[in-house]
Amino acid sequence: MDISIVIPAYNEEEYIKQTIDSINRWMPKSYLYEVIVVNHGSTDLTEQLASEAGAKVINGEAMKTIAALRNLGVEHSSGEILFFIDADITFSQLWSENIEKVVRDLVDNPNQICGSLPKIPEDSSKLMKFWFDPKALEEKPKYIGSCHLLTSKKLFQEIGGFPANMETAEEFTFCVNATKQGAKLSACSNLVVIHHGTPNTLFSFAKREVWHGRGDWTNLSSILSSKVAILTLFFLSAHLLLIFGGLLSPFGNVLIPLSIVSILIICLFSSFMKFSKQGLVHVLINSLTFYIYFLARGLSLFSSIFSRKYKKRSRGV
């Protein structure tokens, strides 16, 4: 077997068939490959649809995290090259035209992690396109997202797989551990994939980020290693300062403007660092989205404090 494609899934009946169908359509015929769906105790037709589409379905109900699901999938794999994708990802013709070169490079140089950030569907809202479309073009990301991550089984085993205790952000730690072993991260923007479950409204975007952010608060090390977590703490502090200033009128004239300016600076600075190449309009619009982003990440802190139970990732998150 050349390639094993591992897909964690929980209640993914809306997308799982088209995901597997797209793999079968666009995977070059020269490869022997297997599709492994690790079912996280779905209560819908995910298992049946995946099996009918030709996937090997593994029971992962006992696993606590998506990271553990992916590791379990690898345990049942036989390919020397590993593809990790989400259950709502589809490949494209451009992906098919460029994947062979990437796989050849992985075979020759197994000490690397490749992949690409997905594009979002054409019918997505303009606000979400301003946020997500530029990310798909990043040439030097700090990590490769596990929604479309390619690596060798050799490297995967050397670094011990994904950190199974992490509820989210496991791909960041996975990439950090790999680079500590001397591995190279390679973004391949010509491997075009579509992420169909991408949020289409600010509410669904915020809901997703509340879940995503929980991984940043796993322990002190995860907090200190995450720039997002640190900025979120400053963001929350500025809001506390705003509330404090509003309640204590003698200090309000100083604290309220200071806190408002601090919040604006955090959002504008973050947007500039991420989207300056796209121009002023992207920076300004995405600074507003960053406000929702940091607000959601702040809520994820409270979510992780008051609910330590692992949450399964269902559609819309």
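Phe83 is in contact (heavy atoms within 4.5 Å) with Ile3, Ser4, Ile5, Val6, Met27, Trp95, Ile99, Val103, Leu149 and Leu150, leaving aside its neighbours within four places in sequence. The model is predicted: local features need pLDDT of at least 70, side-chain atom pairs count only at pLDDT 80 or more, and totals for chains, interfaces and linings use all residues. Residues are numbered from 1 along each chain as its sequence is written, and side-chain values use heavy atoms, with hydrogens and water left out.

**Phe83 and the cores**

Phe83 is placed in strand S4. Helices (H or I, at least four residues) and strands (E, at least two) are DSSP runs, numbered from the N terminus. Between the C-alpha atoms of Phe83 and Gly115 there are 8.8 Å in space, with the two 32 residues apart in sequence.

A nonpolar core is a set of buried Ala, Val, Leu, Ile, Met, Phe, Trp, Tyr and Cys residues joined through side-chain atoms within 4.5 Å. Which members of the largest nonpolar core touch the most other members? They are Ile5, Ile7, Val37, Phe83 and Trp95, out of 33 residues. At least two residues of this core come from each of strand S1 (3-9), helix H1 (16-26), strand S2 (33-39), helix H2 (46-52), strand S4 (81-85) and helix H4 (93-108). H4 gives the most, with 5 residues. Another core, of 21 residues, lies apart from this one; Ala67, Leu72, Ile113 and Cys175 are among its members. In soluble globular proteins, nonpolar side chains tend to be buried together.

Buried means under 20% relative accessible area, exposed over 50%, and partly exposed in between (1.4 Å probe, protein chains only).

| Residue | Relative accessibility | Class |
|---|---|---|
| Phe83 | 0% | buried |
| Ser4 | 0% | buried |
| Thr90 | 8% | buried |
| Asn11 | 21% | partly exposed |

Ser4 is found in strand S1. Its side chain reaches the backbone nitrogen of Gly79 at 2.8 Å. Not counting residues up to four places away in sequence, Ser4 touches Glu34, Ser77, Ser78, Gly79, Ile81, Leu82 and Phe83.

Thr90 belongs to strand S5 (residues 89-90). The side chains of Thr90 and His196 make a polar contact at 2.7 Å. Such a contact is a pair of N or O atoms within 3.5 Å; within protein, one must be able to donate a hydrogen and the other to accept it, and residues adjacent in sequence count only if both atoms are side-chain atoms. Residues touched by Thr90, not counting those up to four places away in sequence, are Gln18, Thr19, Ser22, Val193, Ile194 and His196.

**Positive phi values**

Asn11, in the loop between S1 and H1, has a phi near 50 degrees, a positive value in a residue other than glycine. Ala169 is also a residue other than glycine with a positive phi, near 65 degrees. Ala169 is placed in the loop between helix H6 (153-158) and helix H7 (170-180).
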